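My notes follow below the structure.

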Amino acid sequence: MIVQELRQSNDWEEVIAYEHLSDSARAHSLTANTLRANGLIARRPVKFFNQDKTECIIVLHLGANLCGHDGVIHGGLAATILDEMLAYVTIPSLPNFTGFTANLNVDYRKPIKSNQWVTVHGRLEKLEGRKAWGKAWIETVVDEPTLLAEATALYISPRSDGPRTNF
C-alpha cells in the first residue's frame with residue numbers, strides 16, 4: 001500500500017495532519033474538526049511531505065455522508081480538499097509562511113465515490129515573490145490509480161504580517 005511505501009522512503013516524511021494548527025484554529029476547522037465523524041472523515045488523514053515541503057501526499061477516507069448525489073462526494077468538498085492540499089505545498093515557501101487562495105480552478109474528471117480511500121497529491125509549481133502557484137489532484141487508491149479531480153491555484157502572501165502557519 002502507498003502508506004507503507006512512503007513510510008519506507010527516505011524522500012518522504014510523515015507528519016501528523018492538522019498538528020500545525022493552534023488549538024483554536026483546529027477547533028474551528030472544517031476538515032480538522034467539523035467533518036470529523038463517522039460517515040464523514042472519520043479517521044485522521046495520513047500526511048507526507050517531501051524534504052523541502054514543495055510536495056505532499058495525503059491518504060484519507062471519504063465517508064458515505066459527504067455526498068452531493070447519492071454515493072458521490074460533493075464537488076464542493078473535493079474543491080475544499082484540493083484547496084487545503086494546495087495550501088500545504090505553497091504556504092511553506094511564501095514570505096512569513098502565510099498566504100491565502102487568490103484563485104482556484106478545479107476540473108472534475110470522474111465521480112468521486114463515497115466510502116472509499118483516496119490519495120491527494122500536491123506540488124508547488126512556481127514561486128515569484130509573494131505569489132505561489134500549485135497543482136493538486138485526487139486519485140483512487142488501487143494498483144492503477146484513476147484521476148478523479150485536479151486543481152491549480154494561486155496563493156498570495158499578504159503585504160503585512162498575517163497568521164503564521166508552521167507545517
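**Salt bridges**

I looked up Glu125 and found it partly exposed, with a relative accessible area of 45%. My cut-offs: buried is under 20% relative accessible area, exposed is over 50%, and partly exposed lies in between, with a 1.4 Å probe and protein chains only. The model is predicted, so I note the limits: local features need pLDDT of at least 70, side-chain atom pairs count only at pLDDT 80 or more, and totals for chains, interfaces and linings use all residues. Residues are numbered from 1 along each chain as its sequence is written, and side-chain values use heavy atoms, with hydrogens and water left out.

Which side chain does Glu125 meet in a salt bridge? Arg123 is the partner, at 2.7 Å, N to O. I call it a salt bridge when a side-chain nitrogen of Lys or Arg is within 4 Å of a carboxyl oxygen of Asp or Glu. Arg123 is partly exposed too, at 30% relative accessible area.

I searched the whole structure and got 7 salt bridges. Another one joins the side chains of Lys126 and Glu128, at 3.6 Å, N to O. Lys126 is partly exposed at 42%, and Glu128 is partly exposed at 45%.

Next I checked Glu150 and Lys135, whose side chains form a salt bridge of 3.3 Å, N to O. Glu150 sits in strand S9 (residues 147–156) and Lys135 in strand S8 (residues 131–140), so this pair ties together parts 15 residues apart in sequence. Glu150 is buried at 15%. Lys135 is partly exposed at 24%. Salt bridges with shared partners put Asp107, Arg109, Lys135 and Glu150 in one network. For helices (H or I, at least four residues) and strands (E, at least two) I use DSSP runs, numbered from the N terminus.

I turned to strand S3 (residues 55–62). Is it mostly covered or mostly open? It is mostly covered, with 7 of its 8 residues buried.

S3 runs antiparallel to strand S2 (residues 46–50), and 4 bridges join them. I count two strands as paired if DSSP finds at least two bridges between them. Phe48 stands opposite Ile57 in S3. The hairpin of S2 and S3 has 4 residues between the strands, and Lys53 there takes a positive phi near 60°.

How many bridges join S3 to strand S7 (residues 116–128)? I get 8, and these strands also run antiparallel. Leu62 stands opposite Gln116 in S7.

**Helix H4 and two distances**

Helix H4 (residues 75–90) has 16 residues. From first C-alpha to last it reaches 22 Å, close to the 22 Å expected at 1.5 Å a residue. The expected span is 1.5 Å times one less than the number of residues. Buried residues in H4 include Leu77, Ile81, Met85, Tyr88 and Thr90.

I then took C-alpha distances from the end of the helix. Leu154 and Thr90 are 64 residues apart in sequence and 8.6 Å apart in space. Leu154 is in strand S9 and is buried at 16%. Lys110 and Val89 are 21 residues apart in sequence and 24 Å apart in space. Lys110 lies in the loop between strand S6 (100–108) and S7, and is partly exposed at 47%.

**Cavity and pocket**

I ran a 1 Å grid over the protein atoms alone. In a cavity a 1.4 Å probe fits but cannot get out; a pocket is an open set with protein on both sides within 12 Å along at least five of seven lines; lining residues have an atom within 4 Å of a point of the 1 Å grid. Grid points are joined across faces, edges and corners, and a volume is the space filled by probe spheres set on the points.

I found 1 cavity of 30 Å³ or more. The largest cavity has a volume of about 110 Å³. Which elements give two or more residues to its lining? They are S3 and H4, and H4 gives the most, with 4 residues. Among the lining residues are Ile58, Leu60, Ile81, Glu84, Met85 and Tyr88. The lining has 10 nonpolar, 1 polar and 1 charged residues. In my classes Ala, Val, Leu, Ile, Met, Phe, Trp, Tyr, Cys and Pro are nonpolar, Asp, Glu, Lys and Arg are charged, and the others, Gly among them, are polar.

The second largest pocket holds about 170 Å³ of space. Helix H1 (2–8) and S8 each supply at least two of its lining residues.
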